[in-house]
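Please read this report with the sequence and the three-dimensional view side by side.

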Amino acid sequence: MGVMDGSDSDNRSPLNLGGYLAIQWTAVHWVERAMESFGVLLAARIDPYLEAELDRRFKLFRLWESPPAQRREFLRENAEAIRAVVGSPALGADAEMIDLLPRLEIVANFGVGLDKVDLRRCRDRGVRVVYTPDVVTDDTADLAIGLAIAAMRRICDSDRYLKDGSWKGKGDYKLTSKFSGKTVGILGLGRIGQAVAKRAEGFGCPICYCSRSEKRHTSYKYYPSVLELAANCQVLVVACPLTEETRHIINREVIDALGPKGVLVNVGRGPHVDECELVSALHDGRLGAAGLDVFEHEPHVPERLFGLDNVILVPHIGTDTLETSKAMADLILENLEAHVSNRPLPTPVF
Amino acid sequence: MFGLPRSHLMASGSESQGRRGTERPQVLLLRRPLSVLHEALSARFQLLRPWESPVPFDRFLAAHAAGVRALLVTGLTPVDGPLLDALPALRFIVTTSSGVNHIDLAECARRGIAVANAGTIFSLDVAEYAVGLLIDVLRRVSASDRYVRRGLWPRAGDYPLGSKLGSKRVGIVGLGSIGSEIAKRLEAFGCSISYFSRSRKPQVPYTYFPSVGDLAAESNVLVLSCALTKETYHIINRDVMSALGKDGIIINVGRGALVDEAELVKHLMQGEIGGAGLDVFEHEPAVPEELFCMDNVVLSAHFAVHTLEMSSELCQLMIANLNAFFSDRPLLTPVLVRT
């Protein structure tokens, strides 16, 4: 902002110090007032802390306060005020929303999956996009390993077995399959994929991967196609972005290549997997087991999976810890404040 | 230092009883084992199977087991003085477990009976299971899986938040083979590791605490992976649970009686402890029913060791120990009795 540049350094009299402080106070006060009138649309009830802070710092609009049928009207009525959208994995900023908000300047995505943000439309309109990388990495990778172990060792089903009295009545639970030492194939070796690899290595698991391009800085075995990856690993973890190219990338062929002893773990997006094929494969025994955090039509999960003991079904909890949710919310707030203050954005997509 | 002379480690089998000509040696079983083990044993040994007999157990032993020299124990069946009295020729016991608290080792030593166990072959299976239990408890995997299967996700919305594993301070009670493998794995998740053990281990990079209470006071998570002995019975008592605190998690893959189970149930019911992952219980297969409806508690039927991969390794180890005994060779995984 150039409030105090080097040429003033020889003139540090009390009057100039007072002037400097006055200018700083004015600048801070100006930013605060700018923030209070800065309209932010929260697309979904993502997190109570985030909602409370957005309400406290900005002029908050809650999209869910209008019924879905009247959303367009709601957006039109508030279009003059809304300059930012905070989106979630469930509801982001699609082309229609962006077009209804002529004063939109920035979209802040709660998460790293950007499939619900129309990035091309944002770029065309000059709308900035920010997201929450790094802070989500650990939780997502932890859950991926947790799902792999739970699926192979049947932790959830044995919990049910014990709690419904079967241990006393029917004897010991059956033998299960070990995770340690199995080859883990990672689809997408970004931050999350690398974190999954590091954890799996601690269990003696050899690591291989498929990615858009080979990563020179790792010694993991690279496969140029997901089919080859599936044929050469026992546990396949999906950790890549959802794009047109990766939609249904886990199809029947890949599932069959993974095979009756194979395990699929999805901490990416539901549409990465052809869900109908997955359900059939699990029922038929063509796939050994699966640990699923995401589904094609959340919050709906195919009921045909409910009776299976070789699948773990969790409701998109990849980053759902108190610690990480707060970290993500703080990062969103930091980005929005930086934008209003005309400072560099901490975590831009562009 | 050890109660048995060295010759007993080699399990003196110089008598040729039980191995006349081409007859297979006799091995007594107390319970039906897993079928893969049963088949492997049947092919190599003459098995005495009291459960197949219509006569009561005592009479079976008196009639058939007077000369038996080897006993294979499965399912943690207790081996005590009265049983040993009924087996006067017994010279060797091998158990399919790593833990040996179900065997009266002092009585065995007194009678010159060598004991072997499963050594450390289960360590990786148990270690991975302990990590799986911890992630499940912290991230509510089983609880939210139930939530989904009950159809609640569309009706009741998102599941409540769990707790992050990284940066948790994990205190391991018993840094033996299993404890070390657990520590190594959890480090990769960003946990800090401390431990309590019979003695400090200078070669490990983890912080040592001289008492479990001190360990609990500095930990968010306690993982129990030590043997059950007189000293460690109820080592996790009310004071330790209070020191761990209301957000603390207990993971038990050791033995149920390491924990004062009644106190644990009380603490969980009153919200004075954050959660638990339990593979073992004081009076298996009985499990306190108060735990059944708790979403912060994950339970399993003592099967951290029961993997398909381990079952064939276990068979090989049991057979190798029996063969060693019958051939006067050193046992592969002898249990040494401390005096």
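## Overall picture of chain A

Of the 350 residues in chain A, 55% are buried, where buried means under 20% relative accessible area, exposed means over 50%, and partly exposed lies in between, with a 1.4 Å probe and protein chains only. This is a predicted model, in which local features need pLDDT of at least 70 and side-chain atom pairs count only at pLDDT 80 or more, while totals for chains, interfaces and linings use all residues. Residues are numbered from 1 along each chain as its sequence is written, chains are lettered from A and ligands numbered from 1 in the order in which they are written, and side-chain values use heavy atoms, with hydrogens and water left out.

Chain A holds 13 helices and 12 strands, which are DSSP runs numbered from the N terminus (helices H or I with at least four residues, strands E with at least two). Taken along the principal axes, the box filled by its C-alpha atoms is roughly 85 × 50 × 45 Å. Among contacts in chain A between residues at least 6 apart in sequence, 57% join residues at least 24 apart, a contact being heavy atoms within 4.5 Å.

## Helix α13 of chain A

Helix α13 of chain A runs over residues 322-340, and its 19 residues should span 27 Å at 1.5 Å a residue, which agrees with the 27 Å between its end C-alpha atoms; the expected span is 1.5 Å times one less than the number of residues. The buried residues of α13(A) include Met328(A), Leu331(A), Ile332(A), Leu336(A) and Val340(A). Just after this helix, Asn342(A) takes a positive phi of about 60°.

## The loop around Asp172(A)

Asp172(A) sits in the loop between α8 (166-170) and β6 (184-187) of chain A. Because its relative accessible area is 47%, Asp172(A) counts as partly exposed. Leaving aside neighbours within four places in sequence, Asp172(A) is in contact with Tyr161(A), Trp167(A) and, from the other chain, His306(B). Its C-alpha atom is separated by 9.5 Å from that of Leu162(A), 10 residues apart along the chain.

## Backbone features in loops

Most residues other than glycine have a negative phi, and most peptide bonds are trans. Asp134(A), in the loop between β5 (128-130) and α6 (137-153) of chain A, has a positive phi of about 70° although it is not a glycine. In chain B, His302(B) has a positive phi near 45°, and this residue lies in the loop between β12 and α13 (308-326). His302(B) counts as buried because its relative accessibility is 15%.

Cis peptide bonds are found in both chains: one joins Glu298(A) and Pro299(A), with omega about 5°, and another runs from Glu284(B) to Pro285(B), with omega near 0°. Pro299(A) lies in the loop between β11 (289-292) and β12 (311-313) of chain A, while Pro285(B) lies in the loop between β11 (275-278) and β12 (297-299) of chain B.

## Annotated spans of chain B

An unreviewed UniProt entry places "domain: D-isomer specific 2-hydroxyacid dehydrogenase NAD-binding" at residues 131-304 of chain B; positions are given in the numbering used here, feature names are shortened, and annotations may be inferred rather than shown by experiment. That span is 32% helix and 16% strand, and its end C-alpha atoms lie 11 Å apart.
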